[in-house]
Amino acid sequence: MPPVKKHTTMAEALATAQSKMGNAGKNSVNPHFKNRCADLSAVRDVVIPALAAEGIACIQHVDGADGSVTVRTTLHWMETTIEAGNCTIKLDGRNAAQSVGSATTYIRRYQLAAVGGIAHEDDDGHTATHEPRNPTSMARAPTTGHPRKTPPATTTPTTTHAPDPRPPT
């Protein structure tokens with residue numbers, strides 16, 4: 001007996017899968033910054049089973065040329081295929097195999113997390129791109145639960161509006 005079709009569209013199947021996903025647990029420590037983070041295996045453990053349960057296959061193609069590595073993530077459901085991510089990173093001059101592995105893992109993890117709509121913390125962006133870490137990019141929003149207050153405007157409006165003459169309803 002053929003399997004029962006649970007969804008009518010890939011978007012519906014993906015939405016159902018995403019609704020079953022939580023965020024990836026921070027299971028690793030970044031050796032460069034000593035922060036805890038979710039590695040590729042933690043992201044896969046959250047995303048892949050939820051996609052598979054809805055009949056969605058995820059393939060991450062890896063390719064390279066001219067000192068760069070590219071990862072292309074595709075999702076397959078029934079007869080539908082969509083490209084969910086396509087990213088190329090230029091490799092640095094270090095050990096070629098280490099650079100390819102680091103950049104590939106970095107891109108795969110971010111694309112897979114994006115497919116699932118899950119959160120995780122960056123751990124190897126520096127390793128993959130060999131760019132200095134910008135401390136201001138790590139700033140976090142306040143955790144008070146209150147919205148940020150914006151400073152008052154320094155100019156006064158030039159037009160005023162009369163009150164609404166209609167009685168309240």
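First, a reminder to myself: I call two strands paired if DSSP finds at least two bridges between them. The model is a predicted one.

**Strand pairs.** I started with β4 (residues 68-77) and found ten bridges joining it to β5, the two running antiparallel. In this pair, Arg 72 has Asn 86 of β5 opposite it. I then checked β3 and β4, which are also antiparallel, with nine bridges. There Ala 65 faces Ser 68 of β4. Two residues sit between the strands of this hairpin, and Asp 66 adopts a positive phi near 55°.

**The sheet.** Put together, I get an open three-stranded sheet in the order β3-β4-β5, with antiparallel pairing. On average, neighbouring strands here are turned by 15° against each other, direction ignored. I also noted that helix α1 (residues 10-19) packs on the sheet and touches β4 and β5, its direction making about 105° with that of β4.

Which elements give two or more residues to the largest core? I counted 20 residues in that core, with Met 21, Val 43 and Leu 75 among those having the most contacts inside it. The elements are α1, α2 (40-53), β4 and α3 (96-116). Helix α2 gives the largest share, six residues. I followed up on Leu 51: beyond its neighbours within four places in sequence, its contacts include Leu 14, Ile 56, Cys 58 and Val 115. Apart from this core I found another of seven residues, including Val 69, Val 71, Leu 91 and Ile 107.

Definitions and conventions: Residues are numbered from 1 along each chain as its sequence is written. This is a predicted model: local features need pLDDT of at least 70, side-chain atom pairs count only at pLDDT 80 or more; totals for chains, interfaces and linings use all residues. Side-chain values use heavy atoms; hydrogens and water are left out. Helices (H or I, at least four residues) and strands (E, at least two) are DSSP runs, numbered from the N terminus. Axes are lines fitted to C-alpha atoms, for helices over the stretch in contact, and angles run from 0 to 180 degrees between N-to-C directions. Contact means heavy atoms within 4.5 Å. A nonpolar core is a set of buried Ala, Val, Leu, Ile, Met, Phe, Trp, Tyr and Cys residues joined through side-chain atoms within 4.5 Å. Buried means under 20% relative accessible area, exposed over 50%, partly exposed in between (1.4 Å probe, protein chains only).
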